[in-house]
Structure formats: structure tokens, C-alpha cells
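Hi there,

Here is the structure I promised to pass along.

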Amino acid sequence: KVGEQKPPKEPSSLQCMHLAVVACGDRLEETLIMLKSAVLFSNRRLCFHIFAEDSLKPEFEKKLKEWPSSYTKKFESSIYPITFSVGNAQEWKKLFKPCAAQRLFLPVILKDVDSLLYVDTDVLFLRPIDDIWHLLREFNSTQLAAMAPEHEIPKIGWYSRFARHPYYGTTGVNSGVMLMNLTRIRSTHFKNSLIPGGLTWEEMLYPLYQKYKNYITWGDQDLLNIIFYFNPECLYVFPCQWNYRPDHCMYGSNCRGAEEEGVSILHGNRGVYHDDKQPTFKALYEVIRDFPFEDNLFQSLYYPLQSKFLDTVHTLCGRIPQVFLKQIEKTMKKVYENRVIVYLGANHRY
């Protein structure tokens, strides 16, 4: 319209969705499959922030360059060394799984990044990252991070039964999928059990670890639970379909959101992609791993997945295949429709 003002253009660092992951040890393949699932389905451009041991850096660079150009143009990637800005680096590195504590330092290291989605290496996206990224808009004025509950049912949840330290809510939260407004985290003074006044995120981390290190089992996730126990108004809790783990089906189905909408983000903790304890999780991992990039999504991904799922119906998780298939089917239909529209538009002759 004449005279209508256009909104200011986003700074280049905000034009993409920022995704961070920490990879050490034998997590190269798992991380690449996670990144592949992100690129396959997402619409908006992605910025990958990969924190990796020095020995893995050339492997990541080599493998990502091997992807077809139709996909490499959808993302840019930066690879960082493992670093801890406060405290004893060796202590942090051995806190839980190798290097997992690195996630606690993302607000300090990525100073130019406003918002970020952190995920563990054993995560698979079954729908566009765009959809979880939109949840940032739902944060109220005090919320600066989002996670899903560790469990839906307190009587069988780990924290409610065994934790010896403070934790968020009635069942604690799981940090395998964590959406963060880094700008807010950097500018907030957090209530804590150390001093009467507030501490910044960086000031708080090491003293908090020192105070609770003899009581924590799950490393950095426990520290995050302690932080949000004292600052519950800072946390947005998203439903379980955004961080769906074997615990949601191995004791019977207990994630209602996934039953209704399908799994949005699959989190294969407990090593289930690599053993035969939960074949439904392993099937999804292997099908995405083996999918040839330029092939038809339905023919080379969805149909093999359906076929593999037939072999898992004897398991508790395998009895509810629609929970795993619903969202990925919906996502693939959208991707296919978008490609057809783009193709027709490019070839249309007036």
C-alpha cells in the first residue's frame, strides 16, 4: 500500500533458526542424522552451531559438504571447540556424558545469537523446526527457556522418586530439547540458594555445581532443574510430544499430546537407536539415516518406515505406531506439496 511502512529487516543473525548440539566421543553419526532430519523437513534457513572435540571437526566438515547442494543451501554451519568459561574444565567435561555440560555455557559463548534451540545428539525431528521455533513467541515477559517435563506421572518419574536436590515442578524437566532466549538469559539475575541477591547465569554455574555436586545424578540437567526450581517464572513448559522418549511408551502410553498430534521430536535416550530394546525408535533412526537425499520422501522414507514398524507391534512402543507416524506423514505431505507448487511455478508458461 502507498505510504505503508515496512517492518525493519531482521539482522542477518536472526534470519535463520539457530540449532546447537554438542558432540563428543562416538556421537558423529548420531549428530549427522539429527542434522539431516532438521534439514529434510524445515522451511526456514538453519544455522547449525556444532560443539565438538577437535578430532571430530574435520569429519563434520567433510560429511556436511557431501550433502547435495539442494540441501546445503538450506543451512550454514559453525564448528566450535569444547570450552568452559568458569570453573574446572575437566570437572565440567566429566560431569555426565562427555562434554554434555557445554550446553550450560551456550549463552556465554554465542554472544551474538538471540535465540537458540539446543538438542542432544540422539534427537530426530519429525516435523519442521519452524514449528517449535514459533513457541518463542509464546513466552511471557519473564520466560527465557522452554523444556518438556521429565515425566508425565509423578509416581513413576525419576525426580519425584529419587532426587536429592531441588527440581522444577512435580516431575522435573528434561534438557534434551531446550529452547532458549539467550538475550534474556544473559541479562537476567537469577534467584539462587547461594546468596540473598541474584546472580547472572555465568556467575551462578560453578558455585551451584560445587554446592550440589554430591547430590546430582544427571549432571547438567540436574543443575538446570535446580536453577528453574528457584526461578520457576523463567521457564515455559512445552508438552511431551516435543521431547518424546522411550519412557513415554515403555510403561504404557503416557504422552497424551503424542496420542492426539503425533510425535514432533523423537528423543532416543537410553541408547535405543543402537540396541534392540525399543525397535520403533531404532526403525525411525535407521530409515532417516538410510534415506537418499534426492529421493521421493514417501517411497524411500515413509513406506520403509511403515514396513519396519510391522516388525515392532509385539513391543509396548510398537503397539501405537500412529503416534510415531502421524506427524511425519503430515510433514512429508507438506514438503511434497511445497515442492510440487515450486516446480509448477518455475515451469508455468503464460
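**Notes on the model**

Cysteine 47 is buried, with a relative accessible area of 6%. Please keep in mind that this is a predicted model. The residue belongs to strand β2, which covers residues 46-52. Setting aside residues within four places in sequence, cysteine 47 is in contact with Cys16, Met17, His18, Leu19 and Glu76. For the pair cysteine 47 and glutamate 76, the C-alpha atoms are 5.0 Å apart, although 29 residues separate the two in sequence.

**Domains**

The domain assignment gives domain 1 (17-238) and domain 2 (270-344). Their C-alpha centres are 26 Å apart. Across the boundary, 18 residues of domain 1 are in contact with 20 residues of domain 2.

**Nonpolar cores**

Which residues touch the most other members of the largest nonpolar core? They are Tyr244 and Phe324, in a core of 75 residues. Helix α1 (residues 28-41) is the biggest giver to this core, with nine residues. Domain 1 (17-238) and domain 2 (270-344) each supply at least three residues to this core.

Apart from neighbours within four places in sequence, its contacts are Leu126, Tyr244, Cys249, Val263, Leu266, Thr280, Phe281, Leu284, Phe309 and Cys317. There is also a second, separate core of 41 residues, which includes Phe84, Tyr118, Met204 and Ile227. As a general point, nonpolar side chains in soluble globular proteins tend to be buried together.

**Two packed helices**

A pair of packed helices is described by the angle between the axes and the distance between them. For α1 and helix α2 (residues 57-65), the angle is about 40 degrees and the axes are 11 Å apart. The crossing of α1 past α2 is right-handed. On the α1 side, the residues that meet α2 are Leu28, Thr31, Leu32 and Leu35, and their partners in α2 are Glu59, Phe60, Lys63 and Leu64. By type, this contact of α1 with α2 has five nonpolar residues, one polar and two charged.

**A mostly covered helix**

How many of the 11 residues of helix α10 are buried? Nine are, so that α10 (residues 220-230) is mostly covered. The buried ones are Asp220, Gln221, Asp222, Leu223, Leu224, Asn225, Ile226, Ile227 and Phe228. They pack against α4 (89-93), β6 (145-149), α7 (158-162), β7 (173-181), α9 (201-212) and β8 (235-237).

Strand β7 also holds serine 175, which is buried at a relative accessible area of 1%. Beyond residues within four places in sequence, serine 175 is in contact with Arg103, Tyr118, Asp120, Met147, Asp220, Gln221 and Leu224. Of these, Asp220, Gln221 and Leu224 are among the buried residues of α10.

**One loop, two residues**

The loop between β9 (265-267) and α12 (279-290) holds arginine 270, and glutamine 278 lies in the loop between β9 and α12 as well. In general, most residues other than glycine have a negative phi.

Glutamine 278, in turn, counts as buried because its relative accessibility is 10%, and the buried class is under 20%. Not counting residues up to four places away in sequence, glutamine 278 touches Pro246, Met250, Val272 and Cys317.

**A buried tyrosine**

Tyrosine 71 sits in helix α3 (residues 69-72) and is buried, with a relative accessible area of 3%. Leaving out residues up to four places away in sequence, tyrosine 71 touches Val39, Leu40, Phe293, Glu294 and Arg339. Tyrosine 71 and leucine 117 are 46 residues apart in sequence, and their C-alpha atoms are 20 Å apart in space.

Technical notes. Residues numbered from 1 in each chain as written. Predicted model: local features only at pLDDT ≥ 70, side-chain atom pairs only at ≥ 80, totals over all residues. Heavy atoms only, no water. Helix = DSSP H or I, 4+ residues; strand = E, 2+ residues; numbered from the N terminus. Core = buried A, V, L, I, M, F, W, Y, C linked by side-chain atoms within 4.5 Å. Buried < 20%, exposed > 50% of the residue type's maximum accessible area, 1.4 Å probe, protein only. Domains from an automatic or database assignment. Contact = heavy atoms within 4.5 Å. Axes fitted to C-alpha atoms, helices over the stretch in contact; angles between N-to-C directions. Left-handed = near helix turned anticlockwise from the far one by under 90°. Nonpolar A, V, L, I, M, F, W, Y, C, P; charged D, E, K, R; others polar.
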